[in-house]
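Trainee: Could you help me look at the aromatic rings in this protein? I would like to go through them one question at a time.
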Amino acid sequence: VENERIADEALLTLFESEFIRPYRDAQYFVLKGLIQIASALYGKLEQTRKSLGTSPNTANEQSPDTGNNAQVSKIEMNVGLVAENVCRILLMIDYVAKKKDDLQDETKFLFTPPVLSEESGADDDEDFHDDASVDSEADSHVTEFSNEREEIDDKAGSKRLSSSNPSNKGAKRAKTDSKLQKIISWQQSYKHRNALQEAWLSALRLPNLPPRTQKLVLQHLSTYVLGACPSPLRFAEYFTQSFKGGTAVGKNTAAGTNSGGITAILSLHGLFILILHHKLEYPQFYTSLYQLLHPRILYTKHRTRFLRLLSKSLVGNTMLPAYVIASFCKRLCRLALAGPPSGGLFALALTSNLLRKHGECACLIHRSGNAEDGLMEDVFVEDVDDLAQTRALESSLWELSALEKHYHPAISALAKSCGTEDDKTAMYDIEDFMAHTYKSLFDQERKRIEASGKGGKKSKVALTFQQPNDLFTENDIFAGMMKCS
């Protein structure tokens, strides 16, 4: 029954290729239609909850009155399927009109917009705000709109310069008034951006969006939507709730990072974009990032996305406290011990860069043990997520000594040099360490061996075991019968 309510992929693909992508007006009215569908559905759901005396937090909880809760849960499940269909249509829209030039080509309209009569004497100080409240007004198909507000602002300076000359002032006024005209509402670029924002916000209010679609939505929002919407900070609440839900799933299920962890990674990436480009204040960002730093993260599909986010967040911010850097260095070294060689190389390279950028953390390298046996107690608290309570700055990076004996020679060499580089040594290019896998490391070593043997000199491959001299071991009854030359 569930599959019957999910829109057919072939039908959606046809709808996308025939209407949404080629025509800006069709795209705009699809967005407006989705807003109406999602808003009406959400309103009916709220009325049902109110009449049955349930709330979103208790609808899925078991209680003595299971009848009402079961009824609401069934309705929410159906709403979730509709929300999935709405989001699948929105995922097809990866570009909307952002400026006036995007709406000048008549071939981009399914129906050619009419040319209306010019009108003079319009108020030059008319304010066109890119606010969500603009779309809350009744959308008449014809609205008074001059060319873009930027054009009028550009002319403001020249108006002030020529104001002292009465003849120039009158000519300028006539020239400006001649360009004021009435145009259709969907010929205004800010209307398209507002429609995109409101369509997504209306769809994301609907409950029970399936995880398979939520991952695509989070990735799409970060890539295509936040940069086009007039008020991207309105998506911060959705990213925050998705991150909390993703980390909860990761802790409570055996699938761990493969299910909820990916959702948490994509949510945190969206929050990072809002912090970096839209001035969002999110004090728990580095605590959330620290939570995800686990060896399981190196086996996920979006590993490279997370590692790039981690590198940009730590290396790009030089104002981080020493205890935050020390906590990340400790956990990165633990990750290098427990993770694959590809992740270990990244962890050591990032640790080296952090230690060189933050000299106050050099004590992690130079701290020594007691005078009797050279040992010291590691006071680092690994189980807490609060960076101020890890006591990492009181500890030491003893993990580097263990990594010097790693079976992979690249990790061993990198561990020996980590934290001991001088000021003239260039920082590691973290991008070079992100894409490493078992296969890439094997191919890299194979090419190195082939290159070293091109001069006719055979290169010996380093092995981790001694060369045998017999087919059977010494304790075997057939020992000595088949000697190896």
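Trainee: Does Phe433 count as buried or exposed?

Mentor: Good place to start! This is a predicted model, where local features need pLDDT of at least 70, side-chain atom pairs count only at pLDDT 80 or more, and totals for chains, interfaces and linings use all residues. Residues are numbered from 1 along each chain as its sequence is written, and side-chain values use heavy atoms, leaving out hydrogens and water. Buried means under 20% relative accessible area, exposed over 50%, and partly exposed in between (1.4 Å probe, protein chains only). Phe433 has 14% relative accessibility, so the residue counts as buried.

Trainee: What kind of aromatic pair do Tyr428 and Phe433 form?

Mentor: Rings of Phe, Tyr and Trp (its six-membered ring) pair if their centres lie within 6.5 Å; planes under 30 degrees apart are stacked, over 60 edge-to-face, and the rest tilted. For Tyr428 and Phe433, the centres are 5.9 Å apart and the planes make an angle of 90°. That makes the pair edge-to-face.

Trainee: How many aromatic pairs are there by this rule?

Mentor: Let's take an example with the total. The count comes to nine aromatic pairs. In the pair of Tyr290 and Phe328, the ring centres are 5.4 Å apart and the planes are at 85°, so this pair is edge-to-face. With that example in mind, the number of aromatic pairs is nine.

Trainee: Which residue has its charged end over the ring of Tyr290?

Mentor: A charge sits over a ring if NZ of Lys or CZ of Arg is within 6 Å of the ring centre and within 35 degrees of the ring normal. Here the charged end lies 3.9 Å from the centre of the Tyr290 ring, and it belongs to Arg331.
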